[in-house]
Amino acid sequence: MSEPTKYLLDEGRLPKAWYNIQADLPQPLPATLHPGTLQPIGPDDLAPLFPMELIAQEVSTERDIEIPEPVREIYRLWRPAPLYRAHRLERALQTPAKIFYKYEGVSPAGSHKPNTAVPQAFYNAAAGVRRLTTETGAGQWGTSLSFAGGLFGLEVLVFQVRVSYDQKPYRRAVMETYGARCVASPSTETAYGRSVLAQRPDHPGSLGIAISEAVELAAQRADTKYALGSVLNHVLMHQTVIGLEAMEQMAMADTWPDVIVGCVGGGSNFAGIAFPFIGQALRGGTRARVVAVEPAACPTLTRGRYAYDFGDTGHMTPLTKMHTLGSTFTPPGFHAGGLRYHGMAPLVSHLKELGMLEAVAYTQGECFAAGVQFARAEGIVPAPEANHAVKGAIEEALRCKREGRAETILFNLSGHGHFDMAAYQQYFAGALTDEAYDEGELAASLSSLPRIPAEA
Ligand SMILES: *Cc1c(COP(=O)(O)O)cnc(C)c1O
């Protein structure tokens, strides 16, 4: 075989700046609204929760935002992340397509999430913050922030959803190894947690409750701020190191993607790989097809409404315009915990409305089958979330086979599945069920979206 299967950039090829797609939008993002006044919020409204540098990035329209050197120094622990060509998967599928994947599982936390945890910790430490609070469901975000906070001498307090705290003791042990404190949510440490426990002492918890607890503590104390692992503009921007590196690596391999595929929960790893390429198209350059893959049990982009909604269940956040299933919608249980969110990043939603990306939904059974096929061909066991991207890429490769087209497919393998082997065990035991969401509950949830006069 003449072509190398792995392309690594040297240290000097690490991107110097993140790419901010807000610079290239043909129409700006709809304003974020204050839930009480329904007026656009300003920086002061966010100041109790985030340091000013991150608030500035949230609304910036500068194209290139320099990556601070201390952040690049930490990125170098695992970046540039490798780009592989999936020769063996191509052969197994007997497709004329070329399949490339960017592998984010090489980070210390095993996913793309440290790409934003590190700069968020850096900017908070630089602003004199001493403590960060956050929530975690499956544990991937909590792990990443624990790692990053520790590097900058920050205390990290993680509210982990009770069921996952009890079911995933190893995730908690990793967070504690990095020096974080991990509390089962609902907890007795916040007024909101105590009120939930008063009604139901054995409450299993939810991401919405954990967010409310983390936000409550951050809002109360001047030395404490809050960190979110997806959805927000600055988080998506930090993830563009993935796509920027991939551009260099594809060029080194003397090729370019016709199709780009990523899985979407809040939208950050998908934006990370896709936005630099979409930006090129928005500036009049080469245009690739871009496919976002979501779970059929939580189909935000394919079945949700594009409307103003809250980011959390407790209705403490501002209102953003996004594809949403409604903040009261509870998706049925499935293993890709990182994709179980009722909303979608406003930037991803906006670009979908502008026709810059497509969305598809697959069941978890189909996605695990794709992940197992990938593992047997390429050797890496993907995270259940990443299996959605694998499934999307395989479907594109099979389409190329049917159409006899030798297209180039690039997908993001957002993380490895080493902490998710119980889900694989269930899959092999035939015990994974594909629970459909409740259509009635979705309709009810959508009918109770907040009413915005300008939209009525
Ligand atoms: C958290 C997570 C996701 C989903 O989050 P996004 O913000 O949509 O990227 C996907 N894959 C992995 C491995 C994750 O940890």
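The model is predicted.

**Stop one: helix H16.** Select residues 364-378. This helix has 15 residues and spans 20 Å from its first C-alpha to its last, close to the 21 Å expected. Now colour its buried positions, among them Cys-367, Phe-368, Val-372 and Phe-374. Step past the end of H16 to Gly-379, where phi is positive, near 95°.

**Stop two: Phe-374.** Beyond its neighbours up to four places away in sequence, Phe-374 touches Leu-89, Tyr-101, Gly-379, Ile-380, Pro-382, Val-390, Phe-411 and Leu-413.

**Stop three: the cores.** Phe-374 is one of the residues with the most contacts inside the largest nonpolar core, which has 42 residues. Others in that group include Ile-99 and Ile-409. Elements giving two or more residues to this core include helix H4 (87-93), strand E5 (98-103), H16 and strand E15 (408-413). Helix H17 gives the most, with seven residues. Then select Leu-25, Ala-271, Ala-274 and Ala-292, which belong to a second, separate core of 35 residues.

**Stop four: Gln-239.** Look in the loop between helix H11 (233-238) and helix H12 (241-252). Is Gln-239 buried or exposed? Gln-239 is buried, because its relative accessible area is 0%. Show what surrounds it: leaving aside neighbours within four places in sequence, Gln-239 contacts His-112, Lys-113, Asn-115, Thr-116, Ser-268 and Gly-272. Finish on His-112: its backbone oxygen lies 3.1 Å from a polar atom of the Gln-239 side chain.

Technical notes. Residues are numbered from 1 along each chain as its sequence is written. This is a predicted model: local features need pLDDT of at least 70, side-chain atom pairs count only at pLDDT 80 or more; totals for chains, interfaces and linings use all residues. Side-chain values use heavy atoms; hydrogens and water are left out. Helices (H or I, at least four residues) and strands (E, at least two) are DSSP runs, numbered from the N terminus. The expected span of a helix is 1.5 Å times one less than its number of residues. Buried means under 20% relative accessible area, exposed over 50%, partly exposed in between (1.4 Å probe, protein chains only). A nonpolar core is a set of buried Ala, Val, Leu, Ile, Met, Phe, Trp, Tyr and Cys residues joined through side-chain atoms within 4.5 Å. Contact means heavy atoms within 4.5 Å. A polar contact is a pair of N or O atoms within 3.5 Å; within protein, one must be able to donate a hydrogen and the other to accept it, and residues adjacent in sequence count only if both atoms are side-chain atoms.
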